[in-house]
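Thank you all for coming; please have the viewer open while I talk. I will begin with the surface, then go through the fold, the core and the side-chain pairs.

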Amino acid sequence: MVSGLPELTKICTLQSMLKVGRAMEALKKYLKRLRDTEAIAVSQELLANLVESEKGLTAAMEDAVEFFRTDDGVDPAAELAKHTGYTATDAADPGLADVIVAFKEAWDSFAASDPERLAGLQAAYISNNPHPAGSKDQLDARS
């Protein structure tokens, strides 16, 4: 425990704290540059980077606090065990191999290369999708 706070054990809170750490490292990089630079030579770019890094750190910290405050009590080890169970069940399904082969065949026939597949899938999902923004995930067939 640190300062009377319980140990972080929840997945969302831990992930949020990793984001705080990354944001802090980004800010430290610009603070070091500022420290190593003569005050008169501080550039507008460095100052802008400092401001943006500070905003990123603040947002990451606010997210982490919110996750900690609203933690739903999900135990990551128990969730992992459940997920492992689902995976084992799926892997034992004799039809899984057929599904994987069918997916691979459909993938290969969709376009000749990954860049062409990317362009085609983006067009199908974004441009040609009849569903409005916020409901694009309802698309279930290529139009």
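This is a predicted model: local features need pLDDT of at least 70, side-chain atom pairs count only at pLDDT 80 or more; totals for chains, interfaces and linings use all residues.

Which residues form a nonpolar patch on the surface? The patch is formed by Leu-96, Val-99 and Ile-100, which together have about 260 Å² of accessible area. A word on terms: patches are made of residues with over 30% relative accessible area and no salt bridge, where like charges are joined within 9 Å and nonpolar side chains (Val, Leu, Ile, Met, Phe, Trp, Tyr) within 5 Å. Accessible areas come from the Shrake-Rupley method with a 1.4 Å probe, and for residues only the protein chains shown count as cover.

Residues are numbered from 1 along each chain as its sequence is written, and side-chain values use heavy atoms, with hydrogens and water left out.

Now the overall fold. The protein chain has 5 helices and 0 strands, so that from the N terminus on its elements run α-α-α-α-α, where helices (H or I, at least four residues) and strands (E, at least two) are DSSP runs numbered from the N terminus. Of its 143 residues, 13% count as buried, where buried means under 20% relative accessible area, exposed means over 50%, and partly exposed lies in between, with a 1.4 Å probe and protein chains only. The accessible surface of the chain comes to about 11,000 Å², and 62% of that belongs to carbon and sulfur atoms. Taking contacts (heavy atoms within 4.5 Å) between residues at least 6 apart in sequence, 45% of them join residues at least 24 apart.

The largest nonpolar core has 9 residues in all, namely Val-20, Ala-23, Leu-27, Tyr-30, Leu-46, Leu-50, Leu-57, Ala-60 and Ala-64. Helices α1 (11–36) and α2 each supply at least two residues of this core, and α2 gives the most, with 5 residues. By a nonpolar core I mean a set of buried Ala, Val, Leu, Ile, Met, Phe, Trp, Tyr and Cys residues joined through side-chain atoms within 4.5 Å. Leu-50 touches Leu-27, Tyr-30, Leu-31 and Leu-34, leaving aside residues up to four places away in sequence.

Let me turn to the charged pairs. A search of the whole structure finds 4 salt bridges, each being a side-chain nitrogen of Lys or Arg within 4 Å of a carboxyl oxygen of Asp or Glu. One of them joins the side chains of Lys-55 and Glu-52, at 3.5 Å from N to O. Because these two residues are 3 apart in helix α2 (residues 44–69), about one helical turn separates Lys-55 from Glu-52, and Lys-55 counts as partly exposed at 47% relative accessibility.

In helix α4 (residues 96–110), Asp-108 and Lys-104 lie 4 residues apart, about one turn of the helix, and they form a salt bridge whose closest N and O atoms are 2.9 Å apart. Asp-108 is partly exposed at 38% relative accessibility, and Lys-104 is partly exposed at 46%.

In helix α5 (residues 114–127), Asp-114 and Arg-117 are 3 residues apart, and their side chains meet in a salt bridge at 2.8 Å, N to O. Is Arg-117 buried or exposed? Arg-117 counts as buried, at 8% relative accessibility.

Finally, the aromatic rings. The count comes to 1 aromatic pair, and that pair is Phe-103 and Trp-107, stacked at 6.2 Å centre to centre with 15° between the planes. For reference, rings of Phe, Tyr and Trp (its six-membered ring) pair if their centres lie within 6.5 Å, and planes under 30 degrees apart count as stacked, over 60 as edge-to-face and the rest as tilted. Both residues lie in helix α4, 4 residues apart; Phe-103 counts as exposed at 57% relative accessibility, whereas Trp-107 counts as partly exposed at 33%.
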